[in-house]
Amino acid sequence: MPVLTAILLLPFLGALVILLVPSARVLAIKVVAAVAASGTLGLSLYVFLSYDHVRGGYQFIETYRWLPGAGISFHLGVDGISVPMVLLTGVIIFAGVFIAWNTALRAKDFFVLLLLLVTGVMGVFISLDLFFLFFFYELAVLPMYLLIGVWGSSSDFGTFIRTKEYGAMKLTIYLVAGSVLVWVGILAVYVAAGLGTFDMVALGRDALTPDLQRLVFPLFLVGFGVLAGLWPFHTWSPDGHVAAPTAVSMLHAGVLMKLGAFGIIRVGIGLLPQGAEAWMPLLMVLGTINVVYGAISALSQRDLKYVVGYSSVSHMGYVLMGFATLNPVGMSGAVLQMFSHGIMTALFFALVGFIYDRAHTRDITMFGGLAKRMGTTAAFFTVAGLTSMGLPGLSGFVAEFLVFVGTFQTYPLFGALGIAGAAITAIYILRLLARVFFGPLDPRWEGLSDPTRIETFASAVLVLVLIFVGLYPAPLMAAINSGIGPLLAGIPGAG
Amino acid sequence: MNLWLFLPEFLVAGLAFLILGTDLVLPPARKSLLAYGGALGLGGIMAATLTLQGEEARLYGGLFLVDGYALFFKEFFLLLGILILLASVEFVEKNLSHAGEYYGLILFSVLAMMLMTASGELLTAYISLELLSFCLYILASYGLHDPRSNEAGVKFILLGAFSSAILLYGLSLVYGLAGTTEFVAIAGVLGSGEDLGPGLLVGLVLVIAGFGFKVAAVPFHMWAPDVYEGAPLPITAYLSVASKAAAFALLLRLFAVAFMPAMDEWRGIMAGLAAVTMTVGNLVAIPQRNIKRLLAYSSIGQAGYLLVGLAALSPMASSGMVFHLAGFAVTNLAAFVAIIAYYNLSGKEDIPDYAGLAERSPLLATTLAVAFFSLAGLPFFAGFTTKFYLFAAAAREGLLWLVALAMVNSLISLYYYLLVIKQMYMVPPSEPGRLRVPGLLKGILVLLLFGIVIIGIYPAPLLEAIDGATRFLFP
């Protein structure tokens, strides 16, 4: 059975079916979305469980002719790096649909665009042809403008105003600007390799001479890096995430930023290993700035959602640091961090959404003692916070620990800076917990209540994944390691 | 000689006269029958033209060519003619008088475009081009009582005549040096290695400038925004899609067949023209308030992308250019038909008037959004696939810098398209009430949307047909 095509088509068909449902029948629309999302989760679990990590390499391969004249084929396949990403997407769209259950405004358009977004994301993770990878990469960006601009929320603190239209436009322009660099890079590889094909497997790891690799690699590093939140191109990310509606923030911070990181691995390091080697010291510096700068920025925010937004910038820094080590430990930590951060930040955004839906403000200074009225939310928030701080027993610990070990093996100084970043993380998370959830209950929040059963269910799924991976990371690590091995094989200095 | 080979041209000319004649006896209330009849007739001619498939002939010593390239474009223009006729009906009823001549002139211009793609010699090409231009001059000024339309007509005629003079002068220089006006023979002289002196360069520059006017390339684009804004809406659509496509079809054959051996002389000029055209077109589009002017400048930008294909001019690049042309035609037509439908319902054409369109008419808003995403080159839609293919082909010819500039331009264009999309989706409507698009336009819109998506995700059949057509340029 062509599983990967099914994973791609299921959310897409879901969107098509929703298009045919009259917009007044909101429940039917949501049920279709939920069925499509559950099916996607089921298929991605199936792919994850049946991926043979002992054999490694690309599996579930499908190839269809598309434009043979231009060297473009519809070539799908997953390896140990994309399998966890597919699973991550499945989990988050599943939770996301239920968290967006109460969307009232133009629900039809919302779920169509949401499912289209998932199609794009899945497509990037499973495409082995540069044309289609880029196709789906842009497809994932396209619905964002409308999703944020129509259903998002503005941030207004008197002196600090960010409208949702601003966030949407900024995000779109930044991401498409990044994709322009990626596009130039792809055509440069296509031309310089002279093989007349966009197939990444056929292009292999040394289609370009080392000099050309070093020349082209920065295009991919910065182009994909924009989406990964790479400093100094990260500023769209807090603005965009804050403006987006909850489910979209979850998908965006949870999965879309991982597309950028994934692009750096799959296209950058995968096609241009020697180029990667030359540029990795720079990435180490930038990634470390991401960690520390993101954490410090998070420390000084008043808007609850901006704290989470900047924490994403900070945590993506660990992913980039892990890449920059170019050793198996650091890289596998980075990929695990992609998964772990995806789940964690989705949970964060979901919980912030619960609070905002009920309190209609996200101003940290106005809260206090919410735990007394929103016990479940507080408990889940604590779990997400502890994951963010890298506490043992939760998925963040394993990931960050591996990244630190890898960094100390290669760049000890930056390892120390990274740990300093983790310390700042602890400060802003604890500050947030103390300010918002604990202490005496502010009387104006007497009327708040815990999330609905559907919302609790959706966020509980995320909490369980965080705990499960923290306690038993072996299955994920086995897959990831099988993908990292061949990736680093072509790099002389790696190891 | 086989007169059968002229079948499509004879039929279109006959149909045009038939429409003009019928107009004399038809009561004013039933003039729309002329458009339906014309569209039906063109549909029949499309089928009849297919009988010429596989025919290859050079008639009158190479004046008139029958080959796969001409055949492809003939079918293309017939299809565009049908769509424009049908999209015009309601607009003409509401806004214009003398419907019969309007439809007749559209048919004559279709004939002219068909002749342009079939001409294999400079003067035939020029005469066909003039036939097209004269039809368009009249059509652009068809809004008798609208001062903007009159201004558009006058501007169009003056600048058009001016550009024709330049083009003719260029052609005469080429003729003087080459001693022939036939494309293949010119290539023979240019390829003989004989030094033709600086006259050739001057001639080529003048030819490029003359055609630059016709395709509205910067710095010869000044007429376009005013004419686009003043002409009746369906004619604006026609100008931006069909006449541009015809000029590019002729340019491609002229440069690929006749001027190919002198490529080193003109390649840099063409690349520079492409760079300036797309950059200026897209930058100036940003501050526009009128949607027709916005699309006029965006079409100028698109002409820049097409010129990239001309600057690369490999077999793959020319396929890419025709491919992008086809995708652009479908996309731009979709945008214009939506704008026509909105104008018919509201009489408005400024961008702020589109506020809240997503609530008042989801179909129109979706069509415009999809068309704009496609024009900006976002995937799932025609623009992404055609641009990717065209740019890949140009990059292969060593024009990566130009391609990179074109991509940056796509980004700029996305910005102003998003501004319109923002009006439609994020700003609340200024007037309440849903808009009801009539069935015919609805059908055309759905068809064009379908076309945009099909070209975007399953382009193989179209591209195969195009490869089959451009093969004749590179024997």
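**Figure 1. Secondary structure and overall dimensions of chain A in the predicted model.** Chain A contains 18 helices and four strands; helices (H or I, at least four residues) and strands (E, at least two) are DSSP runs numbered from the N terminus. Residues are numbered from 1 along each chain as its sequence is written, and chains are lettered from A in the order in which they are written. Because the model is predicted, local features need pLDDT of at least 70 and side-chain atom pairs count only at pLDDT 80 or more, while totals for chains, interfaces and linings use all residues. The C-alpha trace of chain A spans about 70 × 55 × 40 Å along its principal axes.

**Figure 2. Burial and contacts within chain A.** Of the 495 residues in chain A, 63% are buried, that is, 20 or more other C-beta atoms lie within 10 Å of their own, with C-beta atoms placed from the backbone. Among contacts with a separation of 6 or more, 81% join residues 24 or more positions apart; two residues are in contact if their C-beta atoms, placed from the backbone, lie within 7 Å.

**Figure 3. The contact between chains A and B.** Chain A gives 26 residues and chain B gives 27 residues. On the side of chain A, the elements giving two or more residues are strand E1 (59-67), helix H5 (130-151) and helix H6 (164-193). H6(A) supplies the largest share, 13 residues. This side of chain A has 21 nonpolar, three polar and two charged residues (Ala, Val, Leu, Ile, Met, Phe, Trp, Tyr, Cys and Pro count as nonpolar, Asp, Glu, Lys and Arg as charged, and the others, Gly among them, as polar).

**Figure 4. Packing of H11(B) and H12(B).** Helix H11 (residues 263-285) and helix H12 (residues 291-312) of chain B pack at an angle of about 160 degrees, with axes 7 Å apart. Axes are lines fitted to C-alpha atoms over the stretch in contact, and angles run from 0 to 180 degrees between N-to-C directions. H11(B) and H12(B) are therefore roughly antiparallel (over 145 degrees). Contact residues include B:Arg267 and B:Met270 of H11(B) and B:Leu294 and B:Tyr297 of H12(B). By class, the contact has 16 nonpolar, six polar and one charged.

Notes:
Buried ≥ 20, exposed ≤ 12 C-beta atoms within 10 Å, placed from the backbone. Parallel < 35°, antiparallel > 145°, perpendicular 65-115°, else oblique.
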